[in-house]
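I opened this model to take notes on its strands, helices and loops. The entries follow the order in which I looked things up.

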Amino acid sequence: MESSTNDELWDLIARGGVLHDVDGTTTSEIYKNIVDQIHIPESVTKEGVYTALCDRERVMSTAVGYGIALPHCRGTILKDNSEQQITVCYLKKPIDMSAPDSRFVSVMFVLLTANSQTHLKVLSSLAGLFKNSEFRQLLENHADADELIKAAQEIK
């Protein structure tokens, strides 16, 4: 991973934060609860973000394996790069999202981006981190944002 991409990734998580015990038994319920709790920039509405996340999920599951999903909008939804964020969401109860490894999803990285270049770089960087067993262990232990950022900085 390039250091600039890694720095950008963790700036986005620092901006989006971590949610614990997100409730819901379906992706639409979970997305509604997430959108109700996260900071939504003034350039978009909560309803717009919710609809965009649900629309993307209907196209194809955002579950990537290891109990992780990467909900995101099909296109860029934000107007300004400074509004971009990733919110790490630990679910109260894991749900079946038809992941490639058949594991239920227990953590989501919700991406809100303003341009496709950042979007693709972040997806790639996260996919690389998810292959690291120590990082996955942190997710299983519901690590906070500071712990996740520190671990990612140590993973080469």
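**Entry 1: terms and ground rules.** Helices (H or I, at least four residues) and strands (E, at least two) are DSSP runs, numbered from the N terminus. I noted that this is a predicted model, in which local features need pLDDT of at least 70 and side-chain atom pairs count only at pLDDT 80 or more, while totals for chains, interfaces and linings use all residues. Residues are numbered from 1 along each chain as its sequence is written, and side-chain values use heavy atoms, with hydrogens and water left out.

**Entry 2: the sheet.** I started with β1 and looked up its partner. Strand β4 (residues 85-95) is joined to β1 by three bridges, and the two run parallel. In this pairing I found valine 18 opposite valine 88 in β4.

I then traced the whole sheet. It is open, has five strands in the order β1-β4-β5-β3-β2, and its pairing is mixed. At the edges I found β1 (18-22) and β2 (63-65), each of which pairs on one side only. As background, I wrote down that strands of a sheet pair through backbone hydrogen bonds, either parallel or antiparallel.

Next I took the pairings of β5. Seven bridges hold β4 and β5 in the antiparallel sense, with glutamine 85 opposite leucine 112 in β5. Strand β3 (residues 68-69) pairs with β5 in the parallel sense over two bridges, and here alanine 69 faces methionine 108.

How many residues of β5 are buried? I used relative accessible area: buried means under 20%, exposed over 50%, and partly exposed in between (1.4 Å probe, protein chains only). Seven of the eight residues in β5 are buried, so I recorded the strand as mostly covered.

**Entry 3: helix α2.** I looked at what lies across the sheet. Helix α2 (residues 27-37) lies across β1, β4 and β5 (105-112), and runs at about 135° to β1. For that angle, axes are lines fitted to C-alpha atoms, for helices over the stretch in contact, and angles run from 0 to 180 degrees between N-to-C directions.

Which residues of α2 are buried? I listed Ile30, Tyr31, Ile34 and Val35. Seen down the axis of α2, these fall within an arc of 130°, so they line one face of the helix. The arc is that of the directions from the helix axis to the C-beta atoms. An α-helix has 3.6 residues a turn, so residues three or four places apart point the same way. The buried residues of α2 pack against β1, α3 (46-59), β4 and β5, where contact means heavy atoms within 4.5 Å.

**Entry 4: helix α5.** In α5 (residues 133-140) I found Phe135, Arg136 and Leu139 buried. They cover an arc of only 100° around the axis, which puts them on the same side of α5.

I checked both ends. At the start, a side-chain oxygen of asparagine 132 comes to within 2.9 Å of the backbone nitrogen of glutamate 134. Just after α5, histidine 142 takes a positive phi of about 60°.

Serine 133 is in helix α5. With a relative accessibility of 48%, serine 133 counts as partly exposed. Its C-alpha is separated by 19 Å from that of cysteine 89, 44 residues apart along the chain.

**Entry 5: aromatic rings.** I counted three aromatic pairs in the structure. Rings of Phe, Tyr and Trp (its six-membered ring) pair if their centres lie within 6.5 Å. Ring pairs link Trp10, Phe109, Phe130 and Phe135 into a cluster.

**Entry 6: the loop between β4 and β5.** I looked up proline 100, which lies in this loop. Proline 100 is exposed, at a relative accessible area of 67%. What does proline 100 contact, leaving aside its neighbours within four places in sequence? I found Ala63, Val64 and Gly65. Proline 100 and valine 64 are 36 residues apart in sequence and 6.5 Å apart in space, C-alpha to C-alpha.

Serine 98 is in the loop between β4 and β5. It is not a glycine, yet has a positive phi of about 55°, and at 60% relative accessibility it counts as exposed.

Serine 102 is also found in the loop between β4 and β5. Its phi is positive, about 65°, although it is not a glycine. Serine 102 is exposed, with 59% relative accessible area.

Conventions: Two strands pair if DSSP finds at least two bridges between them. A polar contact is a pair of N or O atoms within 3.5 Å; within protein, one must be able to donate a hydrogen and the other to accept it, and residues adjacent in sequence count only if both atoms are side-chain atoms. Rings of Phe, Tyr and Trp (its six-membered ring) pair if their centres lie within 6.5 Å; planes under 30 degrees apart count as stacked, over 60 as edge-to-face and the rest as tilted.
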